[in-house]
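Work through the exercises below with the sequence and the 3D structure at hand. Each task is followed by a solution that goes step by step.

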Amino acid sequence: MIYTSYFASKKYDVDKAVCIARWSPSAMNNMLHCADLYPPADLLKDWKEHKITEEEYTRRYKRDVLSKLNPNTVYNTLDGKVLLCYEKSGSFCHRNIVREWLNFFGYKCEEL
């Protein structure tokens with residue numbers, strides 16, 4: 001099972017934490033990172049500047065990131081880990097797209 005959460009939640013074991021954001025909080029610089037799941041810089045820029053919708057963000061993230069990955073490899077590499085980024089639970093975020101993508105392929109992934 002893979003879990004997802006956000007840095008400030010503290011509902012996770014830090015030894016199992018994996019950053020999937022382009023930057024981690026300075027107090028967490030030593031955590032594992034999975035750069036394969038980072039959102040591309042241009043996608044983040046367009047999102048932060050309110051140039052794209054959630055639907056467009058999702059479409060581009062799937063096209064530019066997830067379509068290049070094998071879900072089996074991702075699951076086997078990250079099984080037992082907690083994928084973290086900044087957005088609070090319930091907010092739109094790329095980790096939700098990752099979770100839905102893994103679930104679509106039959107791999108268990110849940111928000112803490």
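**Exercise 1.** In this predicted model, determine how α1 and α2 are oriented relative to each other, and list the residues that make the contact between them.

*Solution.* Begin with the geometry of the pair: α1 and α2 pack at an angle of about 180°, and their axes are 11 Å apart. Angles over 145 degrees count as roughly antiparallel, and α1 and α2 are therefore roughly antiparallel to each other. The contact is made on the α1 side by Asp42, Leu43, Leu44, Asp46 and Trp47, and on the α2 side by Glu54, Tyr57, Arg60 and Tyr61.

**Exercise 2.** Decide whether arginine 60 and isoleucine 52 are buried or exposed, and describe the surroundings of each.

*Solution.* Arginine 60 is placed in helix α2, residues 54–64, and it counts as buried because its relative accessibility is 9%, where the cut-off for buried is under 20%. Its side chain makes a polar contact of 2.8 Å with the side chain of aspartate 46. When residues up to four places away in sequence are not counted, arginine 60 touches Asp42, Leu43, Asp46, Ile52 and Val65.

Isoleucine 52, in turn, lies in the loop between α1 and α2, and with a relative accessibility of 15% this residue also counts as buried. Not counting residues up to four places away in sequence, isoleucine 52 touches Leu43, Asp46, Trp47, Tyr57 and Arg60.

**Exercise 3.** Give the order of the strands in the sheet, and locate cysteine 19 within it.

*Solution.* The open sheet is formed by five strands in the order β3-β2-β4-β1-β5, with parallel pairing. Its edge strands, each pairing on one side only, are β3 (32–33) and β5 (109–111). Strand β2, residues 17–19, runs parallel to β3 and is joined to it by two bridges; the partner of valine 18 in β3 is leucine 32.

Cysteine 19 is found in strand β2, and at 0% relative accessibility cysteine 19 counts as buried. Leaving aside neighbours within four places in sequence, cysteine 19 is in contact with Phe7, Ser24, Met31, Leu32, His33, Cys34, Tyr38 and Leu84. The C-alpha atoms of cysteine 19 and leucine 37, which are 18 residues apart along the chain, are separated by 9.0 Å.

**Exercise 4.** Describe how α4 is placed on the sheet, and how much of α4 is covered.

*Solution.* Helix α4, residues 94–104, lies across β1 (2–6), β4 (82–85) and β5, and runs at about 145° to β5. This helix is mostly covered, since eight of its 11 residues are buried, namely His94, Arg95, Asn96, Ile97, Val98, Arg99, Trp101 and Leu102. The buried residues of α4 pack against β1, α2, α3 (71–78), β4 and β5. Just after α4, glycine 106 takes a positive phi of about 90°.

Note on methods:
Residues are numbered from 1 along each chain as its sequence is written. This is a predicted model: local features need pLDDT of at least 70, side-chain atom pairs count only at pLDDT 80 or more; totals for chains, interfaces and linings use all residues. Side-chain values use heavy atoms; hydrogens and water are left out. Two strands pair if DSSP finds at least two bridges between them. Helices (H or I, at least four residues) and strands (E, at least two) are DSSP runs, numbered from the N terminus. Contact means heavy atoms within 4.5 Å. Axes are lines fitted to C-alpha atoms, for helices over the stretch in contact, and angles run from 0 to 180 degrees between N-to-C directions. Buried means under 20% relative accessible area, exposed over 50%, partly exposed in between (1.4 Å probe, protein chains only). A polar contact is a pair of N or O atoms within 3.5 Å; within protein, one must be able to donate a hydrogen and the other to accept it, and residues adjacent in sequence count only if both atoms are side-chain atoms. Angles under 35 degrees count as roughly parallel, over 145 as roughly antiparallel, 65 to 115 as roughly perpendicular and the rest as oblique.
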